[in-house]
Protein chains: 2
Amino acid sequence: MASHDPLFSSADDHLRWLTQQASLPQGWRVATGSCPFTPPESGNAAQVTLSLLVPDRPTPAFAGVFTRNAFPGAPIIVGRKRLLESHCGGVVINNKISNVCAPEGISRAEEVCAAVGTALGLPGQQIIPSSTGVIGWRLPAEELSAIAPSVVADLQSHSILPAAQGIMTTDCFPKVRRVRLPGGACIVGIAKGAGMVEPNMATMLVYLLTDAVVEREQLRAALPAAVAPSFNAISIDSDQSTSDTVLALSSQVIPGVSDDSLRQGLRQLCMELAEDVVRNGEGVRHVQRVTVRGTKDDAMAKTIGKAVINAPLWKTALAGNDPNVGRLLMAVGKALGNQYPDFCGDALRMSIADEEIFAQGCFQLNPEREQRLQAYFQHCELYPARPASDGITFTSPVRYPPHPRVVEISIDLGRGDGAFTVIGGDLTHEYITENADYRS
Amino acid sequence: MASHDPLFSSADDHLRWLTQQASLPQGWRVATGSCPFTPPESGNAAQVTLSLLVPDRPTPAFAGVFTRNAFPGAPIIVGRKRLLESHCGGVVINNKISNVCAPEGISRAEEVCAAVGTALGLPGQQIIPSSTGVIGWRLPAEELSAIAPSVVADLQSHSILPAAQGIMTTDCFPKVRRVRLPGGACIVGIAKGAGMVEPNMATMLVYLLTDAVVEREQLRAALPAAVAPSFNAISIDSDQSTSDTVLALSSQVIPGVSDDSLRQGLRQLCMELAEDVVRNGEGVRHVQRVTVRGTKDDAMAKTIGKAVINAPLWKTALAGNDPNVGRLLMAVGKALGNQYPDFCGDALRMSIADEEIFAQGCFQLNPEREQRLQAYFQHCELYPARPASDGITFTSPVRYPPHPRVVEISIDLGRGDGAFTVIGGDLTHEYITENADYRS
C-alpha cells in the first residue's frame with residue numbers, strides 16, 4: 001500500500017477499491033470453485049478452493065521464481081519442469097493443502113493438471129500447479145479433479161478478484177494491484193501470504209497477469225529483477241515457506257510496450273503487493289520500513305536491515321509502542337559482530353522518522369524524545385491492541401488496511417555506498433494466537 | 001536442569017535446593033546492596049542492586065568470554081582490558097542499567113570500580129565491572145559508588161545465593177549450580193538471563209567461582225571449551241545482547257585438581273546453567289532439545305539446529321501443543337536451501353521422542369501419531385497456558401522450574417559425521433507480554 005493510496009473506512013470500502021483494481025487484462029479468464037474433503041492425516045472435514053487463471057491461447061511468455069527452501073513442495077518441483085515447456089495454458093491453484101513431502105505429491109499434482117487440461121482441451125503439461133496450506137498432508141487430487149470441468153465452465157473475463165479471494169489462507173483481506181502500461185496494456189497482480197514470510201522469496205503465491213506482448217526471455221529477466229527489491233526485501237516472521245512462488249504470464253494481446261516500461265511496471269506492482277503482504281501479515285499491527293545506508297555493499301545493508309525486522313525483542317517493543325531503541329542497536333550490532341566482525345561501526349547514526357536517536361557512539365535520548373517516538377508509534381499502529389474477549393484469542397478488529405502509515409527507520413553506517421530498504425512488521429499477541437493454534 | 005534433578009513443588013522447595021547448591025567455595029566472599037536512582041532518560045525512580053564477588057586475595061587465575069555484538073557495553077570494553085591485568089581482586093555487578101552506548105559509559109564504569117577498589121584496599125584496575133538492564137541509559141555511578149563501602153562491609157563467605165538473586169532482571173528464579181572436584185574442591189556458578197539470549201554467547205551474565213588451584217592459561221583455555229556446547233548452543237529468542245559475559249575465577253586454595261577434572265567440571269556446570277537459562281527463558285513453556293546428525297560437519301549441524309529453535313512458526317506450534325511438523329521441515333529446509341544449497345537432503349529422517357515423523361522423502365503421519373505427539377507436548381509443558389485475568393497480561397503461575405522434561409527432537413541428514421545439540425524454547429503470549437511492555 002503506497003502512500004498515495006486512498007484511506008479505507010471499512011472492508012466494503014476496501015472491496016470497492018479492490019474491485020476497480022481487479023479488472024482483468026485482455027486475453028485472460030478466471031474462475032474458482034470449492035469442494036469438501038477430509039484429510040486422512042487429521043480426519044476433520046474441510047473445504048478446499050480451486051482457482052484457475054487461463055490465457056485465451058496458450059502463451060510462450062511465462063516466467064516463474066520459486067522458493068529456495070531445500071524441501072520444496074511438489075507443485076514447485078512440477079513448476080520448475082513446466083518452465084521448460086514451450087507454452088503455458090493455465091495456472092491451477094488450491095488452498096488448504098500445500099502438497100509438500102506428502103505421499104504421491106508429484107503424481108497428485110499432475111493428476112489435477114491433467115484434469116484441468118482435459119477440461120480446457122490442452123495437455124496437462126501446459127498447466128502450472130500451485131498449492132498453499134498445511135505442509136505434509138496429501139493433496140485431495142480426486143476431489144479437485146472432479147470439480148475441474150465445472151470451474152472451467154465458469155471462466156469469466158472481467159475480474160481477478162475471485163482468485164485473489166480463492167487463494168487466501170490466513171490472509172485478512174485479498175490483495176490486488178494493477179499498473180498501467182503504455183498503449184492501454186496493464187499488469188494485474190494478486191498475492192496471498194501472511195505468515196511464513198521471509199526472503200528468497202516471501203512465503204507467498206503471487207500471480208502477475210499482463211496483456212502486453214513480451215518476449216519469453218524478456219519476461220524471465222524482468223521478473224527476478226522486480227522480485228529482488230520487493231518480495232525478497234520483506235519479512236514477517238523470518239520463516240521461509242516450502243511453496244513460495246511468483247509467476248508472471250502474458251496473454252500477448254497489446255504490442256508496443258518497451259522493456260523499460262515492462263520492468264518499471266513489474267517492479268512497481270511487486271513493491272506494492274509486497275507491502276500489502278506485510279500490512280496483512282499475521283498479527284501485524286505496525287509496518288516498519290528500515291533503510292540501511294553507508295555499508296560496503298547492498299548485500300551488507302540488506303543483512304543488517306533483515307536483522308532489525310527479524311529481531312523479536314525490537315518487534316515486541318514496537319508492538320507495545322515502546323521506543324526501546326537499545327534493542328534496535330542490539331540487532332544492528334548482532335548482525336555486524338557476527339557477519340562483518342572487521343567492519344568499524346563507529347560512524348553509526350540512527351533515526352526514527354525525524355528523530356535522531358544515535359550519533360557519535362552514543363544514544364541521544366531524553367524523556368521528551370521518548371514521548372514523541374511513542375506518539376509516532378501509536379500514530380502508525382494499524383489498530384490498537386485490545387484484550388481478548390475470552391482472555392486468549394487475539395484477533396484483528398479490521399479486515400482491511402485502515403491506513404498506509406509505516407514506521408520509518410534509518411540506519412547509516414557511514415562507511416560505504418551500500419544501501420537497501422526492507423519492510424517488516426511487529427510481533428504481537430495476535431501473531432501468537434494465530435500460530436499457536438493454526439490448524440485445530 | 002539435568003534429568004537427574006529433583007522435582008520441585010514450590011518456590012520455597014526450589015529455594016531450599018538452591019541454598020544447598022550455593023555454598024561458596026573456599027576463599028570467596030559475596031555481598032549485595034541496593035539503592036534508589038532516577039534515570040534522566042525516563043525520569044521514573046527505580047532501585048538498582050549492586051553485587052560483589054571477592055576472592056580473599058587478588059587472583060591471577062581469571063578468565064572471561066564476552067559478547068560478539070559489534071556494539072558492546074562499556075563493562076565489556078573495560079572487562080576485555082582487565083584480562084590483561086596480573087590480578088583480579090573482585091567482580092562488581094549491577095542490574096537495571098546495562099551501560100551500553102550511554103554517555104560517559106567507560107568513565108562511569110571505572111568510577112564504580114575505583115569506589116569498590118578503595119573499599120577493598122585495591123586499585124580499581126583489579127575490579128571487573130558487569131552491568132545488565134536497559135541499553136542506552138546512563139549508569140548511576142555516583143549512587144553505586146556511595147553504597148560500595150557498606151556492601152564491602154557486608155561481605156560473607158557462606159553463600160553465593162544473594163548475588164544470584166541480585167543480578168536478576170526478568171528472570172523468574174535465581175540460577176545456581178555446583179560441581180564437586182577431586183580433593184574437596186568445587187566450582188559454583190550463577191547465571192542471569194532470560195531474554196535476548198542467543199549464541200556467542202547467550203545474553204547473560206555468568207560467574208563461575210572455584211577454589212581449585214589452576215593456572216591462569218589453563219582456565220583461559222578451559223572456559224571457551226565449556227562455553228561452546230553450553231551457552232553458545234542455546235537460544236531463547238535469537239537476539240544477542242551487548243553485555244554477554246561469562247567469567248571464571250579461582251581463589252587458588254585447593255591443589256591437586258587435574259586439567260581433565262577442571263574441564264569436565266566446568267563443562268558440566270555450564271551445560272546445567274545453560275539449560276536453566278532456557279527453562280527460565282522469557283515466556284518459555286516448553287524446552288526443546290534438538291539433536292542434528294548426519295551433516296558434513298558440526299558447524300552445519302549447529303546451523304540447522306539453530307534454524308529450528310529460532311523458527312517462530314515452529315515455536316508457536318510447540319507453544320500450542322500442536323504437532324505441526326510441517327513447520328519443522330520448513331525450518332530445516334530454510335537453513336539447508338539458503339546456507340547449504342548443494343547438500344542433498346534426500347536421506348532426511350526426523351523423530352520427536354520415539355515417533356518417526358519423516359523418512360524416505362515423506363511425512364509419516366496419521367491421526368493416532370498426532371494425538372500421541374500432542375499428549376507428549378502437553379506432558380513436557382512447564383505449565384499450561386491460562387487466559388490473562390486482565391485480558392492482556394500473561395504471566396507464569398510458577399516462580400520455579402516445576403519439572404525437568406524436554407521435548408526431544410532428532411534430525412538425521414544421513415550424509416556425514418557432523419553432529420550438534422542445541423536447546424531452545426517456544427514462543428508464547430507470555431513472551432509478548434514480557435517484551436511488548438518491558439520498561440514501562
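The model is predicted. Chain B and chain A together bury about 5500 Å², and the contact draws 71 residues from chain B and 71 residues from chain A. Within chain A, one open sheet has four strands and another open sheet has seven.

**Interface of chain B and chain A**

- The size of an interface is often expressed as the accessible area that is lost when the parts come together.
- Of the area of about 5500 Å² buried between chain B and chain A, 61% lies on carbon and sulfur atoms.
- No salt bridges are counted between chain B and chain A.
- Eleven residue pairs, with both residues at pLDDT 80 or more, are in polar contact across the interface of chain B and chain A.
- On the side of chain B that touches chain A, at least two residues each come from helix H9 (312-319), helix H10 (326-339), strand S14 (362-363), helix H11 (367-380) and helix H12 (429-436) of chain B.
- H10(B) gives the most to this side of chain B, with ten residues.
- By class, the side of chain B that touches chain A comprises 36 nonpolar, 24 polar and eleven charged residues.

**Four-stranded sheet of chain A**

- The strand order in this open sheet of chain A is S1-S2-S4-S5, and the pairing is mixed.
- Strand S1 (28-37) and strand S5 (127-131) of chain A each have a single partner strand and stand at the edges, so one side of each lacks a neighbour in the sheet.
- From one strand to the next, the twist averages 15 degrees.
- Strand S4 (residues 90-94) of chain A runs parallel to S5(A), and five bridges join them.
- Val92(A) has Pro129(A) as its bridge partner in S5(A).
- Helix H3 (residues 105-120) of chain A lies across strand S2 (46-55), S4 and S5 of chain A, and runs at about 130 degrees to S5(A).
- Helix H4 (residues 141-153) of chain A also packs on the sheet, where it touches S1, S2 and S4 of chain A; the direction of H4 makes about 145 degrees with that of S1(A).

**Seven-stranded sheet of chain A**

- This open sheet of chain A has mixed pairing and the order S9-S16-S11-S15-S12-S13-S14.
- At its edges stand strand S9 (234-235) and strand S14 (362-363) of chain A; each has a single partner strand, so one side of each is left without a neighbour in the sheet.
- Four bridges pair strand S12 (residues 349-352) of chain A with strand S15 (residues 407-412) of chain A in the antiparallel sense.
- Met350(A) has Ile411(A) as its bridge partner in S15(A).
- Helix H10 (residues 326-339) of chain A lies across S12, strand S13 (355-359), S14 and S15 of chain A, and runs at about 135 degrees to S12(A).

Note on methods. Residues numbered from 1 in each chain as written. Chains lettered and ligands numbered in written order. Predicted model: local features only at pLDDT ≥ 70, side-chain atom pairs only at ≥ 80, totals over all residues. Heavy atoms only, no water. Contact = heavy atoms within 4.5 Å. Buried area = accessible area lost by both parts, 1.4 Å probe. Salt bridge = Lys/Arg side-chain N within 4 Å of Asp/Glu carboxyl O. Polar contact = N/O pair within 3.5 Å; in protein donor to acceptor, adjacent residues only side chain to side chain. Nonpolar A, V, L, I, M, F, W, Y, C, P; charged D, E, K, R; others polar. Pairing = 2+ DSSP bridges. Axes fitted to C-alpha atoms, helices over the stretch in contact; angles between N-to-C directions.
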